[in-house]
Amino acid sequence: MPTEHTILGHRLKMARLVLAFRRACGAHGTGEPPSTPQPARWPASLISKLGRAVHLCLSPRDLLCCCCWISRRLPLSSPLLLHHMEIPRPPETQMPYGDADCTLRALAARAEGFGCHAIGGLHGALYYVTSLQDDGCGTLREACRIKEPLWIVFEVSGTIDLQSYLRVSSYKTIDGRGHRVKLTGKGLQLRDCHHVIVCNLEFEGGRGHDVDGIQIKPNSSNIWIDRCTLADYDDGLIDITRQSTDITVSRCHFSRHDKTMLIGADPTHVGDRCIRVTIHHCFFDCTRQRHPRLRFGKVHLYNNYTRNWGIYAVCASVEAQIVSQSNIYQAGEKKTVFKYMPEKAGDKEEVAAGWIRSEGDAFLQGAQSCLIDGPGVDTVFRPEHYYDKWTMETASPALKEVIELCAGWQPVPRPPDC
């Protein structure tokens, strides 16, 4: 049997291979390809090398991650998209949701954490989005306003320029697998809705007062946001407030933003004590703050990678309970990881912050936890009291590379509906 050290070595070799690919594509050390990719410059020899390596790599999951990174950055018309590359999926994986892409509806009730009961449109018909217009026949907006359960898939790739918030009704799955769909202008609004799954979409360039990429309020529950890419909105990327609860955010990529994720509206909304959110395997990529900022509720963070924040990484405000397990915090200029912001709850007289319990977190490049110890730490909730299991591994260089490659929109084909 291979040792853990040997497997780690092979994982790092895969990561170095991707870095070589980046350099060959003209990334200039930034980790990103040129703004206008030139297909002729993609080095076929490296693609071929990746294909041959599948038979040698002790961790085929990481090979798939490398292929995903490459495919995600190719032009949409490129013949080298992942589903045209003859790279087999690993039969087993330590990452979550290893078999969730086997069939279309395998996502239903598969989220880890507090959103584990979200079934989306499991019992509904398929709705095919055939138009990128804001509204009308065959559009995403038409599908989301229908009251019956629906599993929504796309027959087109491209950008949907929303002129107003797109309100999503209950029992919907918005499934972007098989195509590359970007929402811009406004975002999704989940108001008084239940059992919604949003998977494999991009959100970028939302403009206007109180415009979030995904706004979850009020009184919404059983929500799963998975494998989405979010950047550059005027307010938040994901906001969860006003008694919305039982939510999981997983495998998402956040970038080019200030106030990334707010959970809990303000100190007067004491009803937000019911909020419960799980955030795992997400990549907070140079976003400034709120990864997340929490008021009142319970948040479980595990196996996330947060780097180069601008103020702090995670904030506990009034009555917050945060469990941070095996996350990677890599500092840039700012070093404070955990920040405490005392506030006065609307129904109390004293001013107080919440509490954070950190277990197995990695603090890199001078990151300072700034944890406050005290009797309140022992009162922070235990995730195992709410759900039986979750997929978590040690915070390591290999985990960091895998999250960087795999978080956000992925060029995976749409599975069969069987």
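Modeller: R276 counts as partly exposed, at 26% relative accessibility; buried means under 20% relative accessible area, exposed over 50%, and partly exposed in between, with a 1.4 Å probe and protein chains only. This is a predicted model, in which local features need pLDDT of at least 70 and side-chain atom pairs count only at pLDDT 80 or more, while totals for chains, interfaces and linings use all residues. Residues are numbered from 1 along each chain as its sequence is written, and side-chain values use heavy atoms, with hydrogens and water left out.

Colleague: Which side chain meets R276 in a salt bridge?

Modeller: A salt bridge is a side-chain nitrogen of Lys or Arg within 4 Å of a carboxyl oxygen of Asp or Glu. For R276 the N to O distance is 2.8 Å, and the partner is D246.

Colleague: Where do D246 and R276 lie in the chain, and is D246 buried or exposed?

Modeller: Helices (H or I, at least four residues) and strands (E, at least two) are DSSP runs, numbered from the N terminus. The salt bridge between D246 and R276 links distant parts of the chain, 30 residues apart: D246 is in strand β14 (residues 245-250) and R276 in strand β17 (residues 276-280). With a relative accessible area of 16%, D246 is buried.

Colleague: How far apart are the closest N and O atoms of D258 and R288?

Modeller: D258 is partly exposed, at a relative accessible area of 30%, and R288 is partly exposed at 39%. The two form a salt bridge, and their closest N and O atoms are apart by 3.5 Å.

Colleague: Which parts does the pair of D135 and R145 tie together?

Modeller: The side chains of D135 and R145 meet in a salt bridge, 2.9 Å from N to O. D135 lies in the loop between β1 (125-129) and α4 (140-145), and R145 lies in helix α4, so the pair ties together parts that are 10 residues apart in sequence: that loop and helix α4.

Colleague: How many salt bridges does the rule count?

Modeller: Side chains of opposite charge can pair when their charged atoms come close. By the rule, the count comes to 26 salt bridges.

Colleague: How many helices and strands are there, and what share of the residues is buried?

Modeller: The protein chain has five helices and 29 strands. Of its 418 residues, the share that counts as buried is 59%.
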